[in-house]
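Here is a report on the ligand surroundings in one model. Please look at the sequence and structure first.

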Amino acid sequence: MRGRTALVTGAGTGIGRAVALRLVELGADVVGVGRRPERLAETARLAGERFEATPLDVRDRAAAAAFVAGLGRLDLLVNNAGGQFVAPAAGISRRGFDAVADLNLTALAALLQAARAGLTTAGGRVVNLSLSAPDRGIAGLAHSAAARAGIAALTRSLAREWPGVRLFCLAPGTVLTAGVGDELPPEVLARIVATTPLGRDTSLAEVAEWVAALGSGVADAVSGALIELDGGSGLVSAASLTG
Ligand SMILES: CCC/C=C/C(=O)SCCNC(=O)CCNC(=O)[C@H](O)C(C)(C)COP(=O)([O-])OP(=O)([O-])OC[C@H]1O[C@@H](n2cnc3c(N)ncnc32)[C@H](O)[C@@H]1OP(=O)([O-])[O-]
Ligand SMILES: NC(=O)C1=CN([C@@H]2O[C@H](COP(=O)(O)OP(=O)(O)OC[C@H]3O[C@@H](n4cnc5c(N)ncnc54)[C@H](OP(=O)(O)O)[C@@H]3O)[C@@H](O)[C@H]2O)C=CC1
């Protein structure tokens, strides 16, 4: 990855931090964004001088577009910033739905548009993080499942439209980060992991390695693909986070 520039959103915590550290380890110059400067600063401390942190809210369209345009040539864009709250669909207000759809789909689409010129110049690669099997429905995550299914469709559509740019949608199952721990109690996480065909979670290192591999060109014969890194959980039954 030496000599290549990567942008990782949500690089201050969890998956985003693990991805940023792995890319730096492989020689890339990594720009990491997120809202909380103190989280980014910790990633920077761990990563060393080839990691550059910029506080940025990806939902702030103007700021995000200006920032991405300013990067110029971009070899790899990792759209990792995302999240939601768990609630039954009947308990999701209009504003709640809009906030989750915006963070996980609309803002991501805007960031991709802003990065198009830089990615096209580089013959770059994009990894969009999603959730495992959202198209099958996830009870308790109607808003997020809808947005994440949209990411897969967006990834395929851009793969058809943007010549020379490889786009991937990477959908992990359960990755035991602090972020998922804040969202779901341990017993729900244990239940989801136990019903996974491989009977296990997906490790942070595995997600980071997949992003690095896709970003390195190992999968350059592929574009538009949805890769479910979920121990087969999407094959079994649609998840329910509400019991
Ligand atoms: C196995 C699972 C795999 C998944 C793993 C992961 O993703 S790990 C990643 C783990 N990390 C994360 O997921 C990140 C954590 N999540 C977040 O950062 C935020 O929830 C957000 C970005 C989704 C929304 O941000 P924001 O600042 O724009 O939103 P806001 O706070 O201003 O509220 C807007 C509306 O939402 C409403 N509302 C909010 N909570 C609830 C609730 N529990 N119930 C019902 N409603 C709720 C709130 O009431 C308001 O509506 P109202 O009352 O005006 O009609
Ligand atoms: N952990 C899991 O089991 C799974 C996670 N995923 C997805 O992987 C991604 C990372 O998850 P994980 O590391 O576990 O959770 P985290 O909550 O740690 O990661 C979310 C990251 O997104 C950043 N972020 C959120 N909103 C914004 C915003 N508006 N602008 C910029 N950055 C933002 C957060 O930083 P800050 O708050 O500082 O802005 C944080 O670094 C998410 O998209 C998640 O939905 C998918 C499948 C499973």
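## Shell around ligand 1

The shell around ligand 1 holds 8 nonpolar, 7 polar and 2 charged residues. In this classing, Ala, Val, Leu, Ile, Met, Phe, Trp, Tyr, Cys and Pro are nonpolar; Asp, Glu, Lys and Arg are charged; the others, Gly among them, are polar. The shell has 17 residues, of which Gly-83, Ser-93, Gly-96, Ala-99 and Gly-179 come nearest. A residue is near a molecule if its C-beta atom, placed from the backbone, lies within 6 Å of it.

α4 (94-122) and α6 each supply at least two residues of this shell. The largest share, 5 residues, comes from α4. Helices (H or I, at least four residues) and strands (E, at least two) are DSSP runs, numbered from the N terminus.

## Shell around ligand 2

Ligand 2 is surrounded by 28 residues. The closest are Gly-10, Gly-14, Arg-35, Gly-82 and Gly-179. By class, 10 are nonpolar, 13 polar and 5 charged.

α1 (14-25), β2 (29-34) and α6 (178-183) each give at least two residues. α1 provides the largest share, 3 residues.

## Confidence and conventions

The model is predicted: local features need pLDDT of at least 70, side-chain atom pairs count only at pLDDT 80 or more, and totals for chains, interfaces and linings use all residues. Residues are numbered from 1 along each chain as its sequence is written, while chains are lettered from A and ligands numbered from 1 in the order in which they are written.

Mean pLDDT (the predictor's confidence in each residue, from 0 to 100) is 96 for the protein, and 98% of its residues reach 70 or more. For the complex, the predictor gives an ipTM of 0.97 and a pTM of 0.97.
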